[in-house]
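Have a look at the sequence and the model first, and then we can walk through the strands together.

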Amino acid sequence: MNIRYWLVMNVCKFCHHGRDHAGGNEKIKQLVPGIKVYGSLIDNVIGCTDKVENGDKESLGADIYILCLHTPCHTKGHISYYVTGKEEEQPAVFTGDTLFIADCGKFFKGTAEQMYQSLCVTLGSLPKPTRVYCGHGYAVRNL
């Protein structure tokens, strides 16, 4: 598997606070020298090599574009990643700890107003066909 693809597909697991979310960063950096680990400019992400903030744009190859969306509340600098590809491909968003199936992230570093903005305004404004990839699999417990 292409390591850059793996990074995009797993980026939400590595871009938050604390060892439970970013504990794998140093190990992946050992296993893949030169790999980039993206994380919020605001949060102190363990092992982060490239700090991003709202509106930053990254690309992988010629066809994959990533827009960084500031979705605070779980952490002050929480970032969700909106990914687009070729025109015929559906866009995707990796919501990390902001949005889950039947739930949202805990308010560790933010307010209800920030979560409302993150969910209803920022993520809610994405195009309807956007596929959503949540940070945790709590669906059974939540429902």
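Which residues point one way from β6, and which the other way? Ala92, Phe94 and Gly96 point one way, while Val93 and Thr95 point the other way, and all are buried. Here buried means under 20% relative accessible area, with exposed over 50% and partly exposed in between (1.4 Å probe, protein chains only). In a regular strand, side chains alternate between the two faces of the sheet.

Before going further, a note on the source: this is a predicted model, where local features need pLDDT of at least 70, side-chain atom pairs count only at pLDDT 80 or more, and totals for chains, interfaces and linings use all residues. Residues are numbered from 1 along each chain as its sequence is written, and side-chain values use heavy atoms, leaving out hydrogens and water.

Strand β6 covers residues 92-96, and because 5 of its 5 residues are buried, β6 is largely enclosed by the rest of the structure. Strands are DSSP runs of E, at least two residues long, numbered from the N terminus. Two strands pair if DSSP finds at least two bridges between them.

| Strand pair | Bridges | Direction | Facing residues |
|---|---|---|---|
| β5 (residues 79-84) and β6 | 3 bridges | antiparallel | Tyr81 opposite Phe94 |

Together, the open sheet of 5 strands has the order β3-β4-β5-β6-β9, with mixed pairing. Since β3 (57-60) and β9 stand at the edges with a single partner strand each, one side of each is left without a neighbour in the sheet.

Note on methods: Helices (H or I, at least four residues) and strands (E, at least two) are DSSP runs, numbered from the N terminus.
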